[in-house]
Amino acid sequence: MVLYDSRLAEERRSTAVSGELAPDVAIRVLLEGTGLAVFSAGRAFGIEVEPSDPQSGTGDFKAADMPYLALVQRTIQRVFCEREKTKPGQYRAALQFRIGAAGEIMSPDLLSSTGDRQRDLMIVEALGRLRVPLNPPPSMAQPLSMIISPRPLAQSGDCGFSDHR
């Protein structure tokens with residue numbers, strides 16, 4: 001899962017990514033030539049404007065936002081892992097939402113279908129009842145966008161899965 005300020009994607013084209021790559025490598029390849037850079041905190045990734053990029057503007061995520069964004073990612077992942085149909089790894093989805101002053105997820109929107117209408121409804125419903133345990137930083141850029149990519153749980157470690165081979 002990757003969180004980013006959706007305004008960063010406006011008028012930018014990414015590089016195609018193919019093959020099996022580590023998540024951090026795949027994101028760097030995807031962003032190559034876009035004027036965007038990736039930074040990480042554990043298994044959470046954020047995207048920011050490269051300092052020298054002429055398209056940079058205000059409202060972009062800051063490194064100081066990363067601990068909170070990692071918490072948002074873990075909170076959403078925990079809720080999605082509760083149901084077999086919404087467990088990450090089985091589908092691709094693009095989500096957008098805001099986080100209210102008390103940590104409530106507001107205006108959840110599925111930007112692209114997972115290909116399963118029931119799963120789509122379950123995702124939006126799960127986000128709509130979700131609350132992040134901490135309040136968001138007041139200066140954090142919103143709305144937030146999140147991409148969930150298909151990947152075997154053994155590779156991602158999502159939902160507490162680990163391959164003991």
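# Briefing: salt bridges, cores and local geometry

Glu84 is exposed, with a relative accessible area of 54% (exposed means over 50%, buried under 20% and partly exposed in between, with a 1.4 Å probe and protein chains only). The model is predicted: local features need pLDDT of at least 70 and side-chain atom pairs count only at pLDDT 80 or more, while totals for chains, interfaces and linings use all residues. Residues are numbered from 1 along each chain as its sequence is written, and side-chain values use heavy atoms, with hydrogens and water left out.

**Salt bridges**

- The structure contains five salt bridges (a side-chain nitrogen of Lys or Arg within 4 Å of a carboxyl oxygen of Asp or Glu).
- Glu84 pairs with Lys87 in one of them, with 3.2 Å between the closest N and O atoms.
- Lys85 and Asp116 form a salt bridge through their side chains at 2.8 Å, N to O. Lys85 sits in the loop between helix H2 (66–81) and strand E4 (93–99), and Asp116 in the loop between strand E5 (105–112) and H3, so this pair ties together parts that are 31 residues apart in sequence. Lys85 is partly exposed, at 26% relative accessibility.
- Between Glu82 and Arg78 the N to O distance is 3.7 Å, and their side chains make a salt bridge. Glu82 is exposed, with a relative accessible area of 52%, whereas Arg78 is partly exposed at 47%.

- Asp120 belongs to helix H3; helices (H or I, at least four residues) and strands (E, at least two) are DSSP runs numbered from the N terminus.
- Asp120 is buried but has no salt bridge, and Arg117, the nearest side chain of opposite charge, is 6.2 Å away. For charge, Lys and Arg count as positive and Asp and Glu as negative; His and the chain ends are not counted.
- Leaving out residues up to four places away in sequence, Asp120 touches Leu110, Ser113, Thr114 and Gly115 (a contact is heavy atoms within 4.5 Å).

**Arg131**

- Arg131 is in the loop between helix H3 (117–128) and strand E6 (144–148) and is partly exposed, with a relative accessible area of 44%.
- Its contacts, not counting residues up to four places away in sequence, are Thr75, Ala102, Gly103 and Glu104.
- The side chain of Arg131 reaches the backbone oxygen of Ala102 at 2.8 Å. A polar contact is a pair of N or O atoms within 3.5 Å; within protein, one must be able to donate a hydrogen and the other to accept it, and residues adjacent in sequence count only if both atoms are side-chain atoms.
- Arg131 and Met106 are 25 residues apart in sequence, with 9.3 Å between their C-alpha atoms.

**Nonpolar cores**

- The largest nonpolar core has 24 residues, and the members that touch the most others are Ile76, Phe80, Leu95, Phe97, Ile99 and Leu127. Such a core is a set of buried Ala, Val, Leu, Ile, Met, Phe, Trp, Tyr and Cys residues joined through side-chain atoms within 4.5 Å.
- At least two residues of this core come from each of H2, E4, E5, H3 and E6, and H2 gives the largest share, eight residues.
- Ile76 contacts Phe97, Leu127, Leu130 and Met146, leaving aside neighbours within four places in sequence.
- A second, separate core has nine residues, including Tyr4, Leu31, Val38 and Phe45.

**Chain and confidence**

- The protein chain has four helices and six strands, arranged along the sequence as β-α-β-β-α-β-β-α-β-α.
- Of its 165 residues, 44% count as buried.
- Among contacts with a separation of 6 or more, 63% join residues 24 or more positions apart.
- The chain has a mean pLDDT of 80, with 79% of residues at 70 or more (pLDDT is the predictor's confidence in each residue, from 0 to 100).
- Over residues 53–59 pLDDT stays under 50, and the model has ten contacts beyond four places in sequence for them.

**Backbone geometry**

- Most residues other than glycine have a negative phi, and most peptide bonds are trans.
- Gln142 and Pro143 are joined by a cis peptide bond, with omega about 5°; Pro143 lies in the loop between H3 and E6.
- Glu11 has a positive phi, near 60°. Glu11 lies in the loop between strand E1 (2–5) and helix H1 (23–31) and is exposed, with a relative accessible area of 80%.
- Ser107, in strand E5, has a positive phi near 50° and counts as exposed at 53% relative accessibility.
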